[in-house]
Amino acid sequence: MGSSEMNSQFNVISLSSGPHLAGPNAALSITMRSEIDAISGAVDWLMAMIQECNCVPGQERDVEIALREALANSVLHGNHQDAEKKIQISCRIQFGGEVSIIVKDEGKGFDPNKVLNPTAIVNIESEHGRGIYLMRALMDEVYFEQGGAEVHMRKGSSRGNRVRH
């Protein structure tokens with residue numbers, strides 16, 4: 001895939017840098033094809049923005065892993081690698097504060113409560129459930145909307161509070 005074709009996959013909606021009480025914010029939106037190959041390009045682009053904004057200093061790797069897991073789940077389980085189906089990534093960045101990411105696929109969704117705990121001895125060999133477990137371990141807040149077709153993740157700077165859902 002050429003770089004010009006790669007860039008056409010991404011759509012930056014707005015970048016506002018006016019002074020706000022909590023510092024300037026940026027809102028980014030990316031639409032991605034449901035292909036495993038598209039994940040790295042989208043993650044690299046988004047992580048470059050997050051790094052640039054210095055919103056979660058020293059915790060970018062956690063965000064990157066959680067984002068990769070969310071996108072892999074959307075591609076594999078949500079849209080079943082149907083390249084016609086799209087994945088929408090919305091990201092809000094507060095400079096020096098936090099990052100919030102929403103990943104939405106066109107799948108039927110799932111019940112997050114029915115996903116087995118991959119750390120339980122009986123499930124230790126299972127290939128399923130690790131992505132959600134990792135996302136919850138690495139981010140401050142993770143919850144699902146739209147019947148599971150939309151995952152919301154938030155990571156604050158180290159001063160932020162951890163919220164579990």
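Predicted model: local features only at pLDDT ≥ 70, side-chain atom pairs only at ≥ 80, totals over all residues.
**Figure 1. The overall layout, for orientation.** Count them up and the protein has 4 helices and 5 strands. Going along the sequence, they come in the pattern α-β-α-α-β-β-α-β-β. Of the 165 residues in the protein, 42% are buried. Take the contacts between residues at least 6 apart in sequence, and 58% of them join residues at least 24 apart.

**Figure 2. Methionine 32, tucked into a strand.** Strand β1 is where methionine 32 sits. With a relative accessible area of 1%, methionine 32 is buried. Look across to valine 75 as well: methionine 32 and valine 75 are 43 residues apart in sequence, yet their C-alpha atoms are 9.7 Å apart in space.

**Figure 3. Serine 74, a buried residue of helix α3.** Buried or exposed, what is serine 74? Its relative accessible area is 4%, so serine 74 falls under the 20% limit for buried. Serine 74 belongs to helix α3, and its contacts, leaving out residues up to four places away in sequence, are Asn79, His80, Ile87, Val103 and Asp105.

**Figure 4. The buried side of α4.** Four residues of α4 to pick out here are Gly131, Ile132, Met135 and Leu138, which are buried. They lie on the same side of α4 because they cover an arc of only 140° around the axis. What do the buried residues of α4 pack against? Their partners are α3, β4 and β5.

**Figure 5. The largest pocket and its lining.** This pocket has a volume of about 570 Å³. Its lining runs to 32 residues, and Asn73, His77, Phe110, Val115 and Ile132 are the ones nearest its centre. The elements giving two or more residues to the lining are α3, α4 and β5, and α3 gives the most, with 8 residues. Sorted by type, the lining has 13 nonpolar, 11 polar and 8 charged residues.

**Figure 6. Two loop residues with positive phi.** Most residues other than glycine have a negative phi. Asparagine 54, not a glycine, has a positive phi of about 55°. Asparagine 54 sits in the loop between α2 and α3 and, at 42% relative accessibility, counts as partly exposed. Glutamine 146 isn't a glycine either, and has a positive phi of about 50°. Find glutamine 146 in the loop between β4 and β5; with a relative accessible area of 51%, glutamine 146 is exposed.

Technical notes
Residues numbered from 1 in each chain as written. Heavy atoms only, no water. 1 Å grid on protein atoms, 1.4 Å probe; cavity = no way out; pocket = protein on both sides within 12 Å on 5 of 7 lines; lining within 4 Å. Points joined across faces, edges and corners; volume = space filled by probe spheres on them. Nonpolar A, V, L, I, M, F, W, Y, C, P; charged D, E, K, R; others polar. Buried < 20%, exposed > 50% of the residue type's maximum accessible area, 1.4 Å probe, protein only. Arc of directions from axis to C-beta. Contact = heavy atoms within 4.5 Å.
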